[in-house]
Amino acid sequence: MDRRTVIKNLALIIGGAALLPACSQDEAKSKVALKNIDISVVQEQLIGEVSETFIPKTTTPGAKDLQLHLFVLKMVDDCYKKDDQQAFLTGMGHFADVVQQQYGKTFNQLDTKNREAFLLDIEKEGKAEEAAAAKKDNNPIPPYKGKYSPELKKFYSMVKRQTINGYTNSKYFMTNIVVYELVPGRYNARFPYKLKQAV
Amino acid sequence: MANLNIDSVKDRTFDAIVIGSGMSGGWAAKEFTDKGLKTLILERGRDVKHIKDYPTTNMYPWEFEHRGQLPMSVQEANPIVNRCYAFGESAAHFFVKDAEHPYIQDKPFDWIRGYQVGGKSLLWARQTQRWSDFDFEGPARDGFAVDWPIRYKDIAPWYSYVEKFAGISGNRDGIAELPDGEFLPAFPLNTVEEYFSNHVKSTYKNRYVISARCAHLSTPNQIHLDQGRVQCQRRTICERGCPFGGYFSANASTIPWALKSGHATLRPFSVVESIIYDDKLGKATGVRVIDTNTKEAIEYHAKVIFVNAAALNTNLILLNSKSHRFPNGLGNDSGVLGKYVAFHNYSAHIGAQYDGAKEWTTDGRNPAGGGYIPRFRNVYRQETDFLRGYAAGFSAYRYPERSWDGVGSSLKNNLANKELGPWHVGSHMMGETIPKETNFVSLDDKQKDAWGVPLLKMNVDYDDNDEKMKKDYIEQLTEMFTSAGFTNIQAFTDRRAPGLDIHEMGGARMGNDPKTSILNKWNQVHSVKNVFVTDGASMTSTSCQNPSLTYMAFTARAADYAMSEMKKGNI
C-alpha cells in the first residue's frame with residue numbers, strides 16, 4: 001500500500017470512529033435510529049462482530065471501520081418485508097443460542113478462527129440445502145434436517161448480503177478497490193484485457 | 001383566491017395552448033414560440049428545472065441511503081410503478097406513485113407515468129429509430145387497423161428536422177426498413193457485438209446488428225451548444241436527469257428553448273379537465289384547467305390547441321371533453337376514440353455466453369446500450385403464422401466474477417477480484433402489437449380523481465399473435481446465438497402486463513376516413529380543425545421501433561401545418 005492510500009485509510013478510520021454512536025446511557029437499546037425493528041446494544045455488537053468476521057480489518061479497513069453493521073441494520077429495518085425482519089430477529093436469537101451450546105461462550109468471546117469456522121459451517125449447510133433443492137426439481141423437497149434453523153440461516157444470509165452490499169458500495173471500496181468514476185465517464189468499445197486488469 | 005385583475009379573459013388568452021410539456025408537448029411549444037406565437041404550456045405536475053431540479057444527479061453510489069434500493073414500504077405501496085426498471089432510489093421522485101393517481105384495471109395494465117415538466121422525457125431509454133414505409137404501409141398490407149394517412153416521404157424531412165435539434169447518434173447503415181437519419185457519430189459496438197454483427201450479416205441475408213441509435217450528444221454541434229447542452233459524459237445514469245444535457249429531454253432542450261423566446265408561459269400544477277367546444281363557432285375555444293394546489297377551475301383560451309398529455313391521458317381528456325355537438329368525447333363522431341390502443345411486447349429476453357475474444361474487453365460505459373437488431377420478420381412479405389415482427393436489443397459485456405463465498409480475508413480477496421469472466425450476451429424483444437377495437441380505454445361512470453376528472457379504465461391485453469411472435473423471437477434468437485457459437489443459451493419469458501413497455505399508443509388514431517379515425521393526416525381532429533393530437537394517442541399502428549422520435553417529428557410537422565392554416569385564416 002502506498003503512502004497516500006495509508007493516509008486516506010487512516011483518515012477514513014478516524015472519521016468513522018468519530019461517527020460511532022456515543023456511549024449509551026440506556027444500555028438496553030441500540031443507538032441506531034430504527035423504525036421497524038428493536039435492536040439492543042448487545043445485538044448490535046453481535047451483528048458488528050459477525051460483519052467484522054465477514055469483512056475483517058486487515059491492512060485495509062474492516063466492517064466496523066466502515067460501519068457496515070449499522071448499514072446492515074438500516075437495510076434490515078427499511079428494505080425487507082415484515083416476515084424477513086421477524087426471521088432476522090428470531091434467527092439472531094438462534095444464532096446466539098447455538099454458539100453458546102457449541103462453544104460455551106458468546107460469539108464475541110470466540111477467537112477469529114472459531115468465528116470463521118462457525119460462519120463457514122452455516123454457509124456450508126445453506127449451500128447443501130440449496131443444492132438438494134436444485135436437484136429435486138419436480139419432487140417435493142423433504143424437510144431438511146440440518147443443525148441450523150431456517151431463521152438462523154436467514155439471519156446469516158441477510159447479514160452477509162448487506163455487509164457485502166455495504167462494503168462493495170462503500171466510498172472506501174469505490175475509490176480504492178474498484179474505482180467508480182461519476183464524471184467524466186468514457187467509453188472505449190475495444191479495450192485490451194491486459195490493460196483492464198492493470199487498472 | 002381569485003384575482004380579478006389578472007384573471008381577465010385577455011390575460012387568459014393565447015395564440016396556442018399546448019397540453020403537456022414532455023417529449024412531444026415540448027416540441028409543439030418550441031415550434032410555436034420560434035414563430036412568435038404566444039403559447040401557454042400546461043403541465044399537470046410540478047416544474048422540473050434543468051440541472052436545478054435533478055437532486056440525485058451528482059450523487060455517488062455510497063451517498064444513497066439504501067445504495068440505490070427503495071425502502072420496502074415504498075415498494076409495497078407502489079406495486080405498479082415498482083415494476084419499472086428505473087424506479088429506484090435515484091429516480092423515484094420522477095415517477096407517479098400508485099396511490100397518487102388511481103385508475104381502473106378491468107384488465108391488468110401497468111401505467112407508468114411521469115407527472116412533471118418534461119414528463120417521461122427525463123426517464124426514457126433514449127432509443128431513436130426512424131419508422132419506414134414497412135411500418136406505415138403495414139396496416140394496409142396486412143389488413144388490420146386502418147391505413148396510415150401518410151407515408152415515409154411525408155415524415156422524412158421532419159425526422160431530419162427534429163434529429164438535428166435533438167441530437168441523434170448513429171451510423172448510416174443503409175437498411176431500407178430502418179432509414180438513416182441526420183446522425184452524430186455512433187457509439188461503436190464492442191468486440192463481441194461486432195463479431196455477432198458480422199456473423200449475422202454473413203449468415204442471413206436480411207438480418208443486421210447495428211449500433212443502437214440514441215438521443216445522446218456523442219459529439220455536439222453548435223445547435224446543441226446553443227441550447228446549453230454539452231457532450232454526453234458516458235455516465236449512463238440518465239434517469240436522474242443530466243446536468244450536461246447529454247441526452248435529449250424536454251427539460252434540457254425544447255422547454256428552456258421555448259421559454260427563452262419570451263413567448264411562452266409555463267403553468268405547472270394544471271390538470272386539464274377538458275377542452276371547451278363552442279357549438280355555435282364550431283371549434284374549440286380553450287381548455288378548462290384545475291389548479292392542483294387550489295382546486296380552482298380556470299379557463300384558458302387560444303386559437304389552436306395541441307394535445308400532448310401522453311397517449312392515455314390524451315384519450316382521457318378527449319373522452320372527457322363532452323359537448324352538445326360531441327356527447328361522446330371531442331371529435332368522436334366515429335366512436336373509435338379510446339379504441340385500438342396497442343403497445344410493444346417486451347415479454348421475452350434471452351441470454352448466453354461467448355467463450356471467444358478473451359483478449360478484449362470494454363472500458364467505461366456505453367450510453368447507447370449496445371446493438372440493435374431491426375425487424376427482419378415479415379418485412380418484404382408475409383412469411384410466418386403471425387402478423388408483423390419484432391426488433392431486438394443486443395449487447396455483450398464482461399465483468400469480474402466476484403464470488404461471495406467464504407469469510408474473512410478470503411472473502412475480501414474475492415470481492416476485490418479484477419479478473420474478468422467470459423463475455424455474456426443478452427437480447428430483449430420489442431414486438432409490434434396489433435391495434436384492435438377490443439383493446440380500449442374508457443371513462444368510469446362514477447369514480448373521479450381528486451380533481452373531479454373521471455378515472456380511466458383499462459381494457460388492453462395480449463393476443464394469440466403476440467404469443468406466436470414471442471415464440472418466434474425465442475426460436476430465431478436461439479438459432480442466431482447458436483450459429484454464432486454462443487453457449488449456455490437461456491430464454492426467459494414473463495407475464496408482464498401491457499404498459500410496462502411504456503410504449504402505449506393509439507386511441508385517437510390518424511386515418512383518411514373520419515368514419516373510422518379521429519385525426520387526419522396532419523394530426524388534426526377531423527371534425528375540430530383547431531385541435532391537434534401529436535403524442536402516442538395519434539398512432540394508427542405501433543411499428544416495433546421506439547416511438548418517441550416519431551412523436552417529435554409528427555409534432556413539428558403538425559405545428560408547421562397549424563401555423564400555415566392560421567395564416568390562411570382556416571383556423
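B:Arg234 counts as buried, with 21 C-beta neighbours inside 10 Å; a residue is buried if 20 or more other C-beta atoms lie within 10 Å of its own, exposed if 12 or fewer, and partly exposed in between, with C-beta atoms placed from the backbone. B:Arg234 sits in the loop between α7 (222–226) and α8 (254–260) of chain B, and its phi is positive, about 60 degrees, although it is not a glycine. This is a predicted model, in which local features need pLDDT of at least 70, side-chain atom pairs count only at pLDDT 80 or more, and totals for chains, interfaces and linings use all residues. Residues are numbered from 1 along each chain as its sequence is written, while chains are lettered from A and ligands numbered from 1 in the order in which they are written.

**Chain A at a glance**

- Chain A holds eight helices and one strand; helices (H or I, at least four residues) and strands (E, at least two) are DSSP runs, numbered from the N terminus.
- Read from the N terminus, the order of elements in chain A is α-α-α-α-α-α-α-β-α.
- Chain A has 199 residues, and 31% of them count as buried.
- Of the contacts in chain A between residues at least 6 apart in sequence, 63% join residues at least 24 apart; two residues are in contact if their C-beta atoms, placed from the backbone, lie within 7 Å.
- The mean pLDDT of chain A is 85, and 79% of its residues reach 70 or more; pLDDT is the predictor's confidence in each residue, from 0 to 100.
- Please read residues 1–26 of chain A with this in mind: their pLDDT is below 50, and the stretch has 17 contacts in the model beyond near neighbours in sequence.

**Where the chains meet**

- On the chain A side, 37 residues are in contact with 37 residues of chain B.
- Elements giving two or more residues to this side of chain A include α2 (41–54), α5 (112–135), α6 (150–168) and β1 (187–192).
- β1(A) supplies the largest share of that side, six residues.
- Sorted by class, the side of chain A that touches chain B has 21 nonpolar, nine polar and seven charged residues; Ala, Val, Leu, Ile, Met, Phe, Trp, Tyr, Cys and Pro count as nonpolar, Asp, Glu, Lys and Arg as charged, and the others, Gly among them, as polar.
- β1(A) also pairs with strand β14 (residues 360–364) of chain B, in the antiparallel sense and over four bridges; two strands pair if DSSP finds at least two bridges between them.
- Within this pairing, A:Phe191 stands opposite B:Thr361.

**Nonpolar cores**

- The largest nonpolar core has 157 residues, and B:Ile17, B:Ile19, B:Ile305 and B:Val307 have the most contacts inside it; such a core is a set of buried Ala, Val, Leu, Ile, Met, Phe, Trp, Tyr and Cys residues joined through C-beta atoms within 7 Å.
- Helix α12 (residues 548–567) of chain B gives the most to this core, with ten residues.
- A second, separate core of 37 residues includes A:Leu46, A:Leu66, A:Leu152 and B:Leu415.
- Leaving out residues up to four places away in sequence, B:Ile19 touches several residues, among them B:Leu42, B:Val272, B:Phe306 and B:Ile317.

- Three strands of chain B form an open sheet in the order β3-β19-β18, with mixed pairing.
- β3 (104–105) and β18 (440–448) stand at the edges with a single partner strand each, so one side of each is left without a neighbour in the sheet.
- β3(B) and β19 (residues 454–459) run parallel and are joined by two bridges, with B:Gln105 opposite B:Met458.

**Loop residues to look up**

- A cis peptide bond joins A:Val183 and A:Pro184, with omega about -5 degrees; A:Pro184 lies in the loop between α7 and β1 of chain A.
- B:Ile51 has a positive phi of about 70 degrees although it is not a glycine, and its place is the loop between β2 (39–42) and α2 (72–77) of chain B.
- B:Ile51 is partly exposed, with 15 other C-beta atoms within 10 Å.
- For background, most residues other than glycine have a negative phi, and most peptide bonds are trans.
- B:Lys521, in the loop between β21 (505–507) and β22 (524–525) of chain B, is partly exposed, with 17 other C-beta atoms within 10 Å.
- Apart from neighbours within four places in sequence, B:Lys521 is in contact with B:Pro149, B:Ile150 and B:Met510.
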